[in-house]
Amino acid sequence: MPKINIVATGHGSKTENYAGGISIQYNTFPEITKADKDRLAKLKKSVEIVEKLDRKIDLNNPCNKYFGTLPRNNPFRHYWRDQTIFIDFSPSLTNGFYGATHSTLKDMCLSAWCIDKNNIWMIAATIVHEFAHIAGAPGGASHAAEKAADMCGFKPQYNPLILGSLENLGKYLEKLAA
C-alpha cells in the first residue's frame with residue numbers, strides 16, 4: 001500500500017514545474033489545524049476504500065487486467081502494494097484540480113480542493129486515476145487514466161469528460177485569469 005506523506009515518513013516536500021509555467025507542489029500533509037486533520041482523516045478513509053478493493057479483487061478482475069494493458073504492463077495490485085509510492089498534498093484550491101503524478105512515478109498529490117469538495121469515494125477514484133498515470137497512462141488528450149476509475153469499480157465517480165492532462169489545467173487557469 002502506498003504511504004501517505006506525513007512528517008513521520010520523512011519523505012519531505014517537492015515541487016515540479018510543468019509546461020506552460022505550471023508548478024505543482026507535492027508536500028507533506030500538514031497536521032496542525034482542524035482542517036488539516038480533517039483532510040488527512042478523509043484521505044485515510046479513501047485509502048481504506050482502495051485497500052479493500054485490492055484485497056477483494058483477483059488478478060483476473062477487470063481492474064487488474066486494465067492496468068495490465070497500460071504501458072508499464074503490470075496489474076493494479078503491483079502498484080498498490082508498492083510501498084515506495086507516496087500520496088502527497090497539494091495546497092491548491094483551484095476548482096477542478098484533483099491531483100497530479102510526479103515524473104518520478106513515485107509521488108502523486110491530491111489537492112486541497114479535491115479533498116475539501118469531494119466525498120471519500122471520489123477521492124478514492126482520484127487515487128486510482130493517479131495510479132493509472134504511474135502505470136503509464138498518458139496525460140494530454142488521453143482518457144486512459146480516468147478509464148481506470150471505471151474499470152476498477154468507481155463507475156458512479158467515473159467522468160467521461162476528464163482527460164489526464166496538466167495541459168488542460170493550464171488552459172483552465174488561463175480562462176480564470178482572463
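**Sheet and cysteines**

Analyst: Strand 4 (residues 86–90) and strand 6 (residues 107–111) pair in the parallel sense over five bridges. Pairing needs at least two DSSP bridges between two strands. Strands (E, at least two residues) and helices (H or I, at least four) are DSSP runs, numbered from the N terminus. This is a predicted model: local features need pLDDT of at least 70, side-chain atom pairs count only at pLDDT 80 or more, and totals for chains, interfaces and linings use all residues. Residues are numbered from 1 along each chain as its sequence is written, and side-chain values use heavy atoms, without hydrogens and water.

User: What's the strand order in the sheet?

Analyst: The order is 1-4-6-5, in an open sheet with mixed pairing. Strand 1 (3–4) and strand 5 (99–101) are the edges, each pairing on one side only.

User: Switching to disulfides. How many are there?

Analyst: One, from a search of the whole structure. Cys-63 and Cys-152 form it, with sulfur atoms 2.0 Å apart; the cut-off is within 2.5 Å.

User: Which hand is it?

Analyst: Right-handed, because the S-S torsion is about 80°.

User: Is Cys-63 buried or exposed?

Analyst: Buried, at 0% relative accessibility. Buried means under 20% relative accessible area, exposed over 50%, partly exposed in between (1.4 Å probe, protein chains only).
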